[in-house]
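Please examine the sequence and the model shown below. The paragraphs that follow lead through its aromatic pairs, its sheets and the helices packed on them.

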Amino acid sequence: MMANFLLEIGLEEIPAHVVTPSIEQLVKRVGKFLDDNRIAYGEIKPFSTPRRLAVQVLDIAANQPDIDEEAKGPAKKIALDAEGNWSKAAQGFVRGQGLTTDEITFKELKGVEYVYVTKHIAGKPVEEVLPGLKDVIMAMTFPTTMKWANNSFEYVRPIKWLVALLDNELIPFSILETSVGRTSRGHRFLGQEVEFTDALSYEKALKDQFVIADANVRKELIKGQIEAIAARKAWTIDIDADLLEEVNNLVEWPTAFAGSFKEEYLAVPDEVLITSMKEHQRFFYVTDAAGKLLPFFIGVRNGNSEHIDNVIAGNEKVLTARLEDAKFFYNEDQKQTIADYMGRVEKLSFHDKIGSVAQHMQRVKLITQIIGKQLQMTAAELTQLARASEIYKFDLVTGMVGEFSELQGIMGEKYATIFGEDAAVAAAVREHYMPISAEGDLPVSTVGAVLALADKYDAILSFFAAGMIPSGSNDPYALRRQALGFVRILRDKQWNIDLTAINAGLIASLASDNTGLPAAVQTALSDVNADVASFMVDRVKQLLNGQNTRHDIIEAVINGDSNDILTMFAQAHVLEAHKDDANFRDFVEAFTRAVRLNKQNPVEAPYTVDASLFDNDSEGALHDAVAALEPILATSSLADSFVEAQSLVPAIATYFEATMIMSDDAAVRQNRLNQVAQVAAIANKFGNLTDLIVK
C-alpha cells in the first residue's frame with residue numbers, strides 16, 4: 001500500500017541566492033536516501049520560500065523489499081582445519097552474519113575456493129527508515145553557514161521548526177533542540193501557525209496562511225502581476241529571469257506594485273538607473289515600446305495590497321536617494337580628466353606580490369601589441385589598442401564606480417566618450433571585462449577582444465609566476481573564470497594565438513623595460529609556461545563537457561599533439577560529427593595501429609620513404625595514397641581533411657596485413673617505420689585517436 005510523505009525544514013530567512021540550490025540539493029539528497037534504502041516512490045515534489053525548504057514524496061512504498069544477500073568469507077583452506085573441522089575464522093564469520101556453519105557453501109573465485117553464505121534480510125517498514133532523514137538534513141552544505149545558541153553545529157540559518165508526516169503519522173526525530181511536529185508557520189506578518197492534518201494538506205494549509213509554498217506557482221504569479229500592470233499602463237517590462245528568480249526567493253505572498261521617480265534623473269545614463277533599480281532595489285525597470293527608459297519601476301512586496309500606497313512611497317524615497325547620489329557622482333566625475341584619474345590609478349595595488357594596477361596595465365599594453373601583430377591588425381587598430389591599454393582601468397577611481405562597482409567598464413566607456421576618446425577605444429574599455437560570467441556576453445570589437453585577452457592573460461601568468469595557482473576549490477583571484485573567458489573569446493573569434501610567443505615577447509620586453517614585477521616573479525614567467533597552457537586546456541575540457549561532448553573525444557583532443565586551443569575545438573567538433581558513422585570504427589582502428597607503433601618506435605620528421613626498398617604491393621599503394629593525400633590535407637579544413645583521410649583506411653589495413661614492419665633488414669625496417677610515421681602524422685591532426693572508444 002502506498003503512502004505520501006512530507007518533510008519541511010523551517011528556518012530563519014535564507015539569502016535569496018541560496019534558496020533554489022538548497023531545495024535542489026534537498027530533493028537530490030532525499031532521492032538518494034530513498035534509493036539507498038530501497039524505498040520505492042513515485043515523485044519528489046519540491047517546495048521553497050525564504051523561510052522553508054520542503055518536499056512531498058508521493059506514492060512512497062510502505063516497506064523495503066526483502067532481499068537475499070550473499071556474503072563472502074575466508075578462503076576454504078582457512079575455514080577448515082587439518083581435521084576438516086570449522087576453524088574459529090569460519091565460525092566467527094557466520095556468527096557475524098547471524099547464521100550458523102550449516103549455511104556455508106564454497107565457491108571458486110579466481111582459482112581459489114571461498115566460504116559463502118546467503119542471508120535473508122527482511123525489509124523494514126518505511127516508518128522505521130524515514131527517521132534517518134535527520135542525517136540527510138544535517139549533511140546539507142551551503143555557501144554560507146552560521147551557528148546559533150550554544151551549538152557547534154552550523155547550517156545556512158537557524159532551524160526553527162521541523163515537520164515530518166507519513167500520511168497523518170509523525171516520523172519522530174530531533175535536530176539539536178528542535179523536534180519534529182506537525183506545526184508550521186504561515187507568513188511572518190499576515191499568517192499564523194498552521195497544523196497539517198496529513199502530508200497532502202501542506203500546500204493548501206499554507207496558502208490559507210498567506211504562503212505560496214510552490215516556487216514555480218509563486219514565480220508565475222509574480223510574472224502575471226507584472227505583466228498586468230505593464231498592460232494597464234502601456235509599459236514595456238524586461239522581466240529579467242535572474243531578477244525574477246531572486247525576487248521570487250524573497251517573498252512568500254507576492255504583490256507587485258508600480259512606482260515612479262523624477263524625470264530629471266533620466267539625464268543620468270540608463271545603465272546607472274537600471275543598476276540602481278535592479279541590483280540595489282530589486283525593481284524591474286520600465287521602457288516605452290521603442291526601448292526608451294521611463295521614470296517608473298515595478299517592485300514586489302512580500303505581503304498583500306493593504307497600505308500599498310505607503311509601501312510605494314517608501315520604495316520611491318529609497319530609490320530617489322540612490323539616484324540623487326548617482327546624479328551627483330555623474331556630474332562630479334566629469335569635472336576631471338582621464339589623466340587625473342590615471343594619476344590616482346598609479347596608487348592602486350594589483351597585488352602586493354605582483355605590483356600596481358598601472359604596472360599591470362603596462363604589461364597588458366605589451367601583450368596587446370604582440371597579439372595584435374599575430375592577428376595582423378591594421379596600424380589604426382594597433383594605435384587604438386595602444387591607447388585603450390593605457391587608460392582602460394581609469395574608471396575604477398571615479399566616484400560613480402566607487403559607489404556602483406557593478407558599473408566598472410560601463411562608466412569607463414561613457415566617460416571615455418565624453419572625454420573625446422575614439423569610439424573603438426571607449427568600447428574596448430567596457431569590453432575588456434567581458435565575459436563577466438561563465439556564459440556572459442563576449443567582446444564584439446576586435447580591439448576590445450584583444451584587450452580582454454591581454455588583461456586576462458597577464459593576470460593568469462603573473463599570479464602563476466608569483467606562486468598563487470588555484471588548487472581544488474580555492475581560486476580567490478577568479479583565475480579559472482578569466483581563463484574560461486580567454487578560451488571563449490578565442491573560440492568566438494576563431495583566432496589562433498601562440499601563447500609561447502606571447503610569453504617570449506613579454507619576457508624580452510620586460511628585460512629592457514621592467515614594469516614593476518619583483519625579480520623572482522619575472523624570472524618565473526618562463527617557468528610557468530607549461531602550467532599556464534595546461535590551465536587553459538582544462539578550460540577547453542570544461543567547455544566541451546558543457547556541450548555534452550563524449551568523454552573519450554574530450555580526452556582525445558586534450559591529449560593530442562596540438563596545444564592550439566582553436567584546433568582542439570575543431571578536432572572535437574569533427575570527431576563528434578563522425579562518431580556515429582558506419583566506418584568510424586574502421587577509421588580509428590586503422591590509424592591508431594599506426595599511432596601506437598609510432599609511439600613505440602618514434603621517428604623524427606621528415607619521414608623519408610625510399611620506394612626502392614618496397615617488397616610488396618601494399619607498401620607502394622600506401623605510399624602513393626599518402627603522397628596524393630598530403631597536398632590536399634595541407635589546404636583543407638580539419639572537417640574536410642577527416643573526410644579525405646578516410647580514403648586511406650583500406651590501404652592502411654592491407655599494408656599491415658601484408659607487411660612485417662619490424663624486418664630483420666635495418667634499412668627496410670626503418671623505411672617501413674617512416675611510412676608508419678607518415679600515417680601517424682595524419683592521424684594526429686585529429687587528436688590522440690588512441691583515447692577513442694569504439695565498439
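Phe328 counts as partly exposed because its relative accessibility is 48%; buried means under 20% relative accessible area, exposed over 50%, and partly exposed in between, with a 1.4 Å probe and protein chains only. The model is a predicted one, in which local features need pLDDT of at least 70 and side-chain atom pairs count only at pLDDT 80 or more, while totals for chains, interfaces and linings use all residues. Residues are numbered from 1 along each chain as its sequence is written, and side-chain values use heavy atoms, with hydrogens and water left out.

Across the whole structure, a search finds 23 aromatic pairs. Rings of Phe, Tyr and Trp (its six-membered ring) pair if their centres lie within 6.5 Å; planes under 30 degrees apart count as stacked, over 60 as edge-to-face and the rest as tilted. Phe328 and Phe329 form an edge-to-face pair, with 5.5 Å from centre to centre and 65° between the planes. Another edge-to-face pair joins Trp148 to Phe153, at 6.1 Å centre to centre and 75° between the planes. Trp148 and Phe153 are both buried. One aromatic cluster is made up of Phe584, Phe587, Phe591, Phe642 and Phe686.

Lys327 belongs to helix α10 (residues 308-333). Helices (H or I, at least four residues) and strands (E, at least two) are DSSP runs, numbered from the N terminus. With a relative accessible area of 26%, Lys327 is partly exposed. Lys327 touches Glu264, Tyr265 and Val268, residues up to four places away in sequence not being counted; contact means heavy atoms within 4.5 Å. Between Lys327 and Ala267 there are 60 residues of sequence separation, yet their C-alpha atoms are 8.1 Å apart.

Which order do the strands take in the open sheet of 4 strands? The order is β13-β15-β16-β14, and the pairing is antiparallel; two strands pair if DSSP finds at least two bridges between them. β13 (236-237) and β14 (254-260) stand at the edges and have a single partner strand each, so one side of each is left without a neighbour in the sheet. Helix α7 (residues 215-233) packs on this sheet and touches β13, β14, β15 and β16 (293-302), its direction making about 35° with that of β14. Axes are lines fitted to C-alpha atoms, for helices over the stretch in contact, and angles run from 0 to 180 degrees between N-to-C directions. Over 2 bridges, β13 pairs in the antiparallel sense with strand β15 (residues 284-287), and Ile237 stands opposite Val286 in β15.

Helix α9 (residues 270-281) lies across β15 and β16 and runs at about 10° to β16. Gln281 is found in α9. Its relative accessible area is 18%, so Gln281 is buried. Apart from residues up to four places away in sequence, Gln281 touches Val318, Leu319 and Arg322, among others.

Helix α7 also meets another helix. Two packed helices are described by the angle between their axes and the distance between the axes. The axes of α7 and helix α8 (residues 241-248) come within 10 Å and cross at roughly 115°. Residues in the contact are Ala215, Arg218, Lys219 and Ile222 of α7, together with Leu244, Glu245, Val247 and Asn248 of α8.

A further open sheet holds 3 strands in the order β4-β6-β5, with antiparallel pairing. At its edges stand β4 (67-75) and β5 (105-109), each with a single partner strand, so one side of each is left without a neighbour in the sheet. From one strand to the next, the twist averages 40°. β5 and strand β6 (residues 112-121) run antiparallel and are joined by 5 bridges; the bridge partner of Thr105 in β6 is Tyr116. The charged end of Lys107 sits over the ring of Tyr116, 5.6 Å from its centre. A charge sits over a ring if NZ of Lys or CZ of Arg is within 6 Å of the ring centre and within 35 degrees of the ring normal. Likewise, the charged end of Lys76 sits over the ring of Phe106, 4.8 Å from its centre. Helix α3 (residues 88-96) lies across β4 and β6, running at about 160° to β4.
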